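Hello,

Here is the structure I said I would pass on. My notes come after it.

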Amino acid sequence: MANSPRLSKRARAKLRVARRMVFDKIGVIAVKRRSKAPDPRFCPNGSHDATLDLDQIKSWLLQDDRINIAAVMRETQFLVVDVDGPKGAKAAKKLGPLPRTLTVKTRNGSHRYYRHYGKIAGSRIKLGPDLDIIASGYVLLPESEHPDGGRYETEKLSQNIVRLPEKTIEAINRDRHAETADDERDTNMISKGRRNSALASIAGSLRHHGYGPDFMFTALAAINEGHCKPSLPAKEVRQIAQSVGRYTAADADLFAEMADVEPRDVEFSWFPYLVRGAVNLLEGDPGTGKTYLLCTVAACFSAGIALPGQDEARPMNVLFMSAEDDPDTTLVRRLSRMGADLDRITYTTRYFQLEDEALGWIEKHVTEKGVELVILDPLLAYMRGGIDMNKANETRPFMARLAELAKRTNITIIGLRHLTKGSKDKAIYRGLGSIDITAAARSAMMLGLHPEDEDVRVMMHIKHNLSERGGSLAYELLDGDYRRGKVPKLKWLGEVDIRPEDLAPRSGEAGRPDDARKAAITFLRQMLANGPRPVKDVLAAGEKRSFSERTLRRAAKDIGVVKEDGCWKIAKTDL
């Protein structure tokens with residue numbers, strides 16, 4: 001497996017903070033080391049380069065783990081109450097009681113994050129002595145270093161960001177002090193503390209349109225002289241222009257050479273059936289034990305029990321999301337019966353569809369709990385309301401976002417899907433909804449009843465983009481007694497020679513067998529009239545007579561053929 005770069009401890013800490021902001025849809029930018037100015041290497045357009053892409057933030061930290069990171073309040077429903085020292089705390093009290101919320105310790109005070117749902121337009125600098133309201137700018141995040149020394153910290157990163165009381169919002173909006181002095185109330189003025197970021201943002205926009213350092217310096221010098229109060233030294237303005245001018249336009253990294261791509265090995269959580277960092281499907285008709293199989297897989301993951309074909313396994317954390325089965329009446333009984341470590345399995349306490357915000361909840365939970373397997377039972381129940389599951393253009397975005405979540409967090413996602421009632425030529429087309437759902441999955445299994453024994457179920461590998469096809473695994477449910485509250489236990493029976501087509505719906509289920517099956521029945525009676533014959537010999541002889549294996553197996557079931565020691569024979573009751 002190719003070795004991918006590892007984040008340092010410092011970078012991992014900053015990425016955790018960034019993930020917390022992204023969870024609430026607050027964009028993040030890269031800031032220079034021990035500075036409050038945007039880092040032009042990564043954010044040449046300043047706060048306009050704010051991103052919710054954790055992979056992008058991770059790439060910044062891989063290149064330089066000493067950068068500061070900042071949260072951009074512009075165009076969000078959030079603001080920060082910036083309190084500095086005793087004077088700031090006293091001024092904040094005039095706004096009314098401020099509820100407990102996500103709070104960051106700064107060098108001289110604190111940053112308190114609140115929701116305001118767009119009811120405050122723009123920042124209020126110097127709302128009171130040492131008190132600022134940041135609703136359109138950005139603030140440094142925990143793990144960042146203050147320019148004058150010290151580190152931003154928070155005791156509880158997971159603390160909710162609560163809503164600002166209406167009375168506090170009214171108090172802020174009554175105040176018309178937008179800046180530190182009368183002339184700074186002009187929206188065209190750039191106050192101290194915002195000069196570097198504003199000029200860097202303007203320079204980034206000019207660079208994006210192809211202008212060079214000299215042109216940028218001329219423009220920035222004029223803006224600095226006319227609109228910055230106080231003005232920055234000319235040397236510092238030239239440094240901003242030259243720094244931003246070293247980088248290409250923002251769209252330059254949209255295309256890359258394939259020769260620069262480093263191959264990455266595919267990981268499996270259960271080879272070759274479950275691909276790690278991807279969406280996998282488990283499909284089947286009612287009565288095939290789909291949820292029992294899911295519970296068995298979840299139990300084995302949680303307890304470190306090897307699944308068929310595995311030499312060993314390690315315990316992993318699991319998130320089991322079910323829209324059909326209750327945890328208390330169904331899931332916990334089945335999981336316990338399968339030997340699960342219940343301390344490693346979490347579930348959702350209420351149902352929700354997987355829209356963008358909900359995917360953020362899952363990613364946060366997965367990251368905080370170290371979850372490696374997520375089960376969605378059934379998959380289609382979690383699609384956003386109004387989506388036509390039979391239209392590829394509507395299901396594709398949902399599956400793409402799910403696949404991105406799996407890849408970004410390197411988890412295994414299993415989506416359970418029911419089968420259509422109609423008959424399809426290929427098993428891969430039988431899943432309910434658009435074929436695009438199957439296309440987005442890296443692996444898919446179908447469950448069905450064994451064609452010779454309805455008490456035996458079979459799991460078959462019907463899609464295997466990243467590996468060879470896995471063997472068909474038979475299993476049965478044993479020792480169940482629902483009257484006594486005892487659920488069955490799943491027992492693996494090993495590999496069986498069953499193809500996906502053998503599990504497809506039978507066209508002659510209702511009514512008499514079709515002509516092909518009638519002919520196959522006659523053929524089987526002739527083949528087995530003198531006693532047992534090896535199954536492979538019967539199938540080979542039938543193939544020469546143009547009988548498919550599927551038709552022969554159906555015909556065998558129709559006339560009561562039984563299998564013993566690899567041979568077929570007609571039961572005595574049928575002679």
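This is a predicted model: local features need pLDDT of at least 70, side-chain atom pairs count only at pLDDT 80 or more; totals for chains, interfaces and linings use all residues.

Residues are numbered from 1 along each chain as its sequence is written, and side-chain values use heavy atoms, with hydrogens and water left out.

Helix pair. Helices here are DSSP runs (H or I, at least four residues) and strands likewise (E, at least two), numbered from the N terminus. Helix α6 (residues 213-227) packs against helix α7 (residues 234-245) at about 140°, and their axes lie 9 Å apart. Axes are lines fitted to C-alpha atoms over the stretch in contact, with angles running from 0 to 180 degrees between N-to-C directions. The pair is therefore oblique (under 35 degrees is roughly parallel, over 145 roughly antiparallel, 65 to 115 roughly perpendicular, the rest oblique). Among the α6 residues in contact (heavy atoms within 4.5 Å) are Met216, Phe217 and Leu220, and the α7 side includes Val237, Ile240 and Val244.

Cysteines. There are zero disulfides (cysteine sulfur pairs within 2.5 Å) in the structure. Cys43 is buried at 1% relative accessible area, and Cys300 is buried at 7%. Buried means under 20%, exposed over 50%, and partly exposed in between, with a 1.4 Å probe and protein chains only.

Loop residue. Lys156 sits in the loop between β8 (138-140) and α4 (166-174) and is partly exposed, at 48% relative accessibility. Its C-alpha atom is 9.7 Å from that of Thr101, 55 residues away along the chain.

Regards
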